[in-house]
Amino acid sequence: WHPTQKTRTKKNSGLHPSMKREAPMQFMVVINLEGFTLWQHFNRTTMTWVNTLNSIGSNYYTETLFKMIVINVPSYFQSAWAVVQPLINADTQTKITLVPQTEDAAEKLGEYMTEETVNHVLHPKGIRSPDQLET
């Protein structure tokens, strides 16, 4: 989870000026599906976890999602997404981007993050390329 520095003002048209306030900070979520199998995506435990996160987000953090980028998306997931996507609010759909395994995740993440943050997200142990590995 990577919070952004982006905030926006709520439209409080009917409120006294002293009651107007900024919306909470928005956040960005990066989900890496590298190595996940079909069984890992669609088993009871995973679906319960996804439903719980969705409920928490819907009930306690409404309108705080800035962007969700799902990277290393296998082809079977894209087929499932085509079925699920119409069930999601249109505004939320525009905030979700799928990056297939065949595309460069760093390039897409770089549209929203600094290079340092992209490297941290893609290589959390600080290893940025194979030649940095100790032999």
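Tutor: Helices (H or I, at least four residues) and strands (E, at least two) are DSSP runs, numbered from the N terminus. On that basis the protein chain has six helices and four strands, and their order from the N terminus is β-β-α-α-β-α-α-β-α-α. The model is predicted: local features need pLDDT of at least 70, side-chain atom pairs count only at pLDDT 80 or more, and totals for chains, interfaces and linings use all residues. Residues are numbered from 1 along each chain as its sequence is written, and side-chain values use heavy atoms, with hydrogens and water left out.

Now the pocket. On a 1 Å grid over the protein atoms alone, a pocket is an open set of points where a 1.4 Å probe fits, with protein on both sides within 12 Å along at least five of seven lines; lining residues have an atom within 4 Å of a point. Grid points are joined across faces, edges and corners, and a volume is the space filled by probe spheres set on the points. The largest pocket holds about 1500 Å³ of space. It is lined by 38 residues, of which I31, V50, N54, M68 and I96 are the closest to its centre.

At least two lining residues come from each of β2 (27-32), α2 (44-60), β3 (65-73), α3 (75-84), α4 (90-93) and β4 (96-100). Helix α2 gives the largest share, ten residues. By type, the lining has 24 nonpolar, eleven polar and three charged residues. Here Ala, Val, Leu, Ile, Met, Phe, Trp, Tyr, Cys and Pro count as nonpolar, Asp, Glu, Lys and Arg as charged, and the others, Gly among them, as polar.

One of the residues closest to the centre, M68, lies in strand β3. Buried means under 20% relative accessible area, exposed over 50%, and partly exposed in between (1.4 Å probe, protein chains only). M68 counts as partly exposed because its relative accessibility is 21%. Apart from neighbours within four places in sequence, M68 is in contact (heavy atoms within 4.5 Å) with V29, I31, K95, I96 and T97. M68 and K95 are 27 residues apart along the chain, yet their C-alpha atoms are separated by 6.0 Å.

Helix α3 also supplies lining residues. F77, A80 and W81 are buried in α3. They lie on the same side of α3 because they cover an arc of only 105° around the axis, taken from the directions from the helix axis to the C-beta atoms. The exposed residues S75, S79 and V83 are on the face of α3 turned away from its buried side.
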